[in-house]
Amino acid sequence: MSSNRDDDCIFCAIVDGDIPARIVRETDHTVAFLDANPLAPGHTLVVPRDHHERVADLPEAVSETLFSEVTQLVPRAEAAVDADGLNVGINDGSAAGQEVPHVHVHVVPRFDGDGGAPIHAVAGERPDLSEAELDDIADAIERGGR
Ligand code: 5GP
Ligand code: ZN
């Protein structure tokens with residue numbers, strides 16, 4: 001049961017068993033289930049039980065458990081579909097393609113020659129950044145903002 005459920009959220013409804021899903025693993029803080037519209041066989045989503053929209057909203061204990069659970073899930077998904085590798089990723093925010101506003105980690109099995117792309121392909125054209133711009137960006141990230 002989620003302790004801060006959003007009644008409009010489809011993943012909260014899956015966590016609470018109100019809508020069906022092919023659940024593959026559950027822990028106190030996370031639920032993993034097959035994606036309903038998979039990019040590959042074995043495409044699995046790992047979600048925190050509690051409703052948090054963005055990665056930065058996750059309490060530390062939840063984010064630790066979430067990544068730990070992803071670590072457990074990856075070899076299981078890979079073996080289950082006899083994959084050759086996996087992409088693990090989060091669409092964080094609508095600009096990044098997030099459609100369901102409840103943090104979820106995509107675990108996408110990959111196969112040699114499957115015709116897909118690496119995670120480098122998710123953004124648009126690569127920016128041509130000067131050394132000064134790279135220094136400014138690194139400083140801003142280190143400070144936590146501009
Ligand atoms: P996003 O674009 O938010 O990162 O990805 C949302 C993912 O959730 C999509 O891959 C989509 O197929 C999956 N999804 C959306 N609705 C449902 C649902 O009701 N059940 C399941 N199992 N997956 C869903
Ligand atoms: Zn939710």
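## Close-up views of a predicted model

**Figure 1. The whole protein chain, seen through its contacts and its surface.** In this predicted model, residues 24 or more positions apart account for 53% of those contacts in the protein chain that have a separation of 6 or more. The C-alpha atoms fill a box of roughly 50 × 40 × 25 Å, taken along the principal axes, and of the 146 residues in the protein chain, 32% are buried. The accessible surface comes to about 9,400 Å², and carbon and sulfur atoms make up 50% of that area.

**Figure 2**

Figure 3. In what order do the five strands stand in the open sheet? The order is S1-S2-S3-S5-S4, with antiparallel pairing. Strand S1 and strand S4 (85-89) each have a single partner strand and therefore stand at the edges, so that one side of each is left without a neighbour in the sheet. From one strand to the next, the twist averages 20°.

**Figure 4. The hairpin of strands S1 and S2.** Strand S1 (residues 23-26) and strand S2 run antiparallel and are joined by three bridges, and the two strands form a hairpin in which three residues lie between them. One pair to look for in this view is Arg25 with its bridge partner in S2, Ala32. Strand S2 itself, which spans residues 30-34, is mostly covered, as four of its five residues are buried.

**Figure 5. Strand S3 between strands S2 and S5.** On one side, five bridges join S2 to strand S3 (residues 44-48), and these two strands run antiparallel; here Leu34 has Thr44 in S3 as its bridge partner. Strand S3 is also joined to strand S5 (residues 105-110), again in an antiparallel manner, by three bridges, and in this pairing Leu45 stands opposite His106 of S5.

Figure 6. Helix H2 (residues 60-80) lies across S1, S2, S3, S4 and S5, and the helix runs at about 160° to S3. Glu69 is a residue of helix H2. Is Glu69 buried or exposed? Its relative accessibility is 4%, and because buried means under 20% relative accessible area, Glu69 counts as buried. If its neighbours within four places in sequence are left aside, Glu69 is in contact with Arg25, Thr27, Thr30 and Val46. Of these contacts, Arg25 is the residue whose bridge partner in S2 is Ala32.

Figure 7. Asp82 lies in the loop between H2 and S4, and its phi is near 55°, which is a positive value in a residue other than glycine. Asp82 has a relative accessible area of 63%, and because exposed means over 50%, Asp82 is exposed.

Methods:
Residues are numbered from 1 along each chain as its sequence is written. Chains are lettered from A and ligands numbered from 1 in the order in which they are written. This is a predicted model: local features need pLDDT of at least 70, side-chain atom pairs count only at pLDDT 80 or more; totals for chains, interfaces and linings use all residues. Side-chain values use heavy atoms; hydrogens and water are left out. Buried means under 20% relative accessible area, exposed over 50%, partly exposed in between (1.4 Å probe, protein chains only). Two strands pair if DSSP finds at least two bridges between them. Contact means heavy atoms within 4.5 Å. Accessible areas come from the Shrake-Rupley method with a 1.4 Å probe; for residues, only the protein chains shown count as cover. Axes are lines fitted to C-alpha atoms, for helices over the stretch in contact, and angles run from 0 to 180 degrees between N-to-C directions.
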